[in-house]
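Please open the structure in your viewer and keep the selection tool at hand.

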Amino acid sequence: MTEMLELTFMRQALVAALLAGVAAPLVGTFLVQRRMSLIGDGMGHVALAGVAVGILTGQAPVLTALVAAVFAGVAIELIRASGRTSGDVALAVMFYGGIALGVVLIARSTASSPANLTAYLFGAILTTNAGDLVVLAALTVVVLAVTLLLRPRFFAVANDEEYARAAGMPVMAYNLVLAVLTAVTVVVSMRVVGLLLISALMIIPNATAQVLARSFGSSVRWAVLLGVLSSVGGVLVSYWAETPSGGTIVLMAIALFLAVTGLAGLAARARRAAHRRAERHDHEHGPRCGHEAVEHDDHVDYLHDGHRHAAHEGHYDEHGRHEEVVQR
Amino acid sequence: MPLSAAPSLIDLRSASFGYGDRSVVSGVDLTIRPGEVVALLGPNGSGKSTLVKGLLGLTEHQGGQVLLLGTPREHFREHTRIGYVPQRHSLSTSVRATVTEIVAVGRLPHRPWWRPASREDREIVAASIRAVGLADRAGEEVASLSGGQQRRVLIARALAGQPELLVMDEPTAGVDRASQVALAETLRGLAARGTSMLVVTHELAALRDVVTRIVCMDSGHVDFDGPTAAYAAHVAAHAPGSTYDHTDRPRPPAPVGGPFDRPEARS
């Protein structure tokens, strides 16, 4: 471990992985909520054209990729908002145009090799340099700050756009900000995960978090934790196993997803067996319902014909006959 | 006519609303005053939803005058004063969200984007959840609730904005019995506290004792506007067998006789 940390490129790769692991799932939450899970993939395609322009012109590829991805993000949002049926086709033209242009331009440049292209598409721990790292860290801080500040608004707009509009919220502005944040995240994650695999780091930790969490707030925290576990863990494994970092990170995220889903299935079965539902219940208990309310540990039971009923999800749970509970 | 002391909440003068170049609702005159609970009735496709969405700025305002709390719709910025409960069969969320998280959205328009929720915000959210009888389930995930409970979550979200008028689109449609009762109870409680409401519905039965006035729409126009008692007379007058009732002369079937029709089909 210490031997690995003595290598400058490994230290840089681990920091880059940490940044990507935080930013990608954070922004991805809102993409999942808006059912736009694959949009990051499209932005990654367009970002490749930006990378190629950077390599050809001798600019830093991170910056040219950022310009291309932000352009794609804003275009996607405007096309989506126009609501035209041809929008879907326009997106396809833009995404594949981007990746095709990227491949052609990189092949034309004398400064790069096919290995270089693979590194951008699938991620490689060796590609991050110190200068890049500063830019990536600054971008991650921007993503974090804006997302945390606007989280309630992003949630509101993604949850019910019509209501947000009726409540006078600037829906389009929030959607555009989210699109730009997604573009920035694509660029932040580009070096470690690769442009073709970025979407996975945005979406899969969120899918896992949905299984573990019971609220939106906790699902965001789980997603970030799982994202960091996958990205940092993936980079470590890729060092030892000498595998490409991007693929390793994504496989790691998928392994976590499968493990959590499997365990959660077992846990749910155990819970179902342990909890009893009250008989068909045509009545809602409340302060004015006429049934006596009694404290029961951390909640309130209502006495209904001698039985204790407690609110659970959409129904009432049977918490036993009142006298028996009291005697216990 | 003497001017009423309180300004009207909603004032429409030959207003029309629609989508693009298609007008769905036209020539509507409607005034709603504070304290009224108005049921907006009418068959499917009569323009009820288009009208309420028009009030909220969700459909295009195509003509006439629309005053919201005395301000023309184009200049109306105090959106929180009108609370909207949209028509949703379920609050299908692609991510987890609790009742409290959804209701807290109703507070957002009250504060600038950079300010976090205050204690007062959280208290109002809790009170709104209590007002719809969901205090026991405030921490539950909305997707696990029944359809009627989810509908009450949406009402609580609108209440959290502390509006002067609640606009509800079909709050009772497709809701189980227990929730119908709880919903009517919720609306009764709000009416008792003086909340003004405009409720789009086609099930008056559940809300009969809450409603103070009925407006009935048909094919984009208002065809009845009056107190509940007069509505019963209106319905009776239009019932089959009444003087309003008539059968259109049955149209003869279209003549057949194209080149592919069998000759025996012509009669």
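In which helix of chain A is the place of Gln33(A)? Select residues 8-33 of chain A: this is helix H2, and Gln33(A) belongs to it. Helices here are DSSP runs of H or I with at least four residues, strands are runs of E with at least two, and both are numbered from the N terminus.

Before continuing, note that this is a predicted model, in which local features need pLDDT of at least 70, side-chain atom pairs count only at pLDDT 80 or more, and totals for chains, interfaces and linings use all residues. Residues are numbered from 1 along each chain as its sequence is written, chains are lettered from A and ligands numbered from 1 in the order in which they are written, and side-chain values use heavy atoms, with hydrogens and water left out.

Keep Gln33(A) selected. Is this residue buried or exposed? Gln33(A) counts as buried because its relative accessibility is 5%. Buried means under 20% relative accessible area, exposed over 50%, and partly exposed in between, with a 1.4 Å probe and protein chains only. Now display the residues that Gln33(A) touches, leaving aside those up to four places away in sequence: in chain A they are Phe154(A), Phe155(A), Ala158(A), Asn159(A) and Phe216(A). From chain B, Ser94(B) and Val95(B) also touch Gln33(A). A contact means heavy atoms within 4.5 Å.

**Second stop: chain A as a whole**

Select chain A, which contains 13 helices and four strands. Its C-alpha atoms fill a box of roughly 85 × 55 × 30 Å along the principal axes. Of its 328 residues, 53% are buried. The accessible surface comes to about 15,000 Å², and carbon and sulfur atoms hold 65% of that area; such areas come from the Shrake-Rupley method with a 1.4 Å probe, and for residues only the protein chains shown count as cover.

Which order do the strands of the open sheet in chain A follow? The four strands run E1-E2-E3-E4, with antiparallel pairing. Two strands pair if DSSP finds at least two bridges between them. At the edges are strand E1 (293-296) and strand E4 (315-321) of chain A, each pairing on one side only. Next, select residues 299-304 and 307-312 of chain A: these are strands E2 and E3, joined in the antiparallel sense over three bridges. Within this pair, Tyr302(A) stands opposite His309(A) of E3(A).

Select chain B, where six helices and 10 strands are found. Of its 267 residues, 49% count as buried. Then select residues 10-19 and 22-32 of chain B, which are strands E1 and E2; they pair in the antiparallel sense over seven bridges. Gly18(B) has Ser23(B) in E2(B) as its bridge partner. E1(B) and E2(B) form a hairpin with two residues between them, and Gly20(B) in the turn has a positive phi of about 60 degrees.

**Last stop: two helices of chain B**

Select residues 119-131 and 147-160 of chain B, helices H3 and H4, which pack at an angle of about 140 degrees with their axes 8 Å apart. Axes are lines fitted to C-alpha atoms, for helices over the stretch in contact, and angles run from 0 to 180 degrees between N-to-C directions. The contact involves Ile124(B), Ser128(B), Ile129(B) and Ala131(B) of H3(B), together with Ala156(B), Leu159(B) and Ala160(B) of H4(B).
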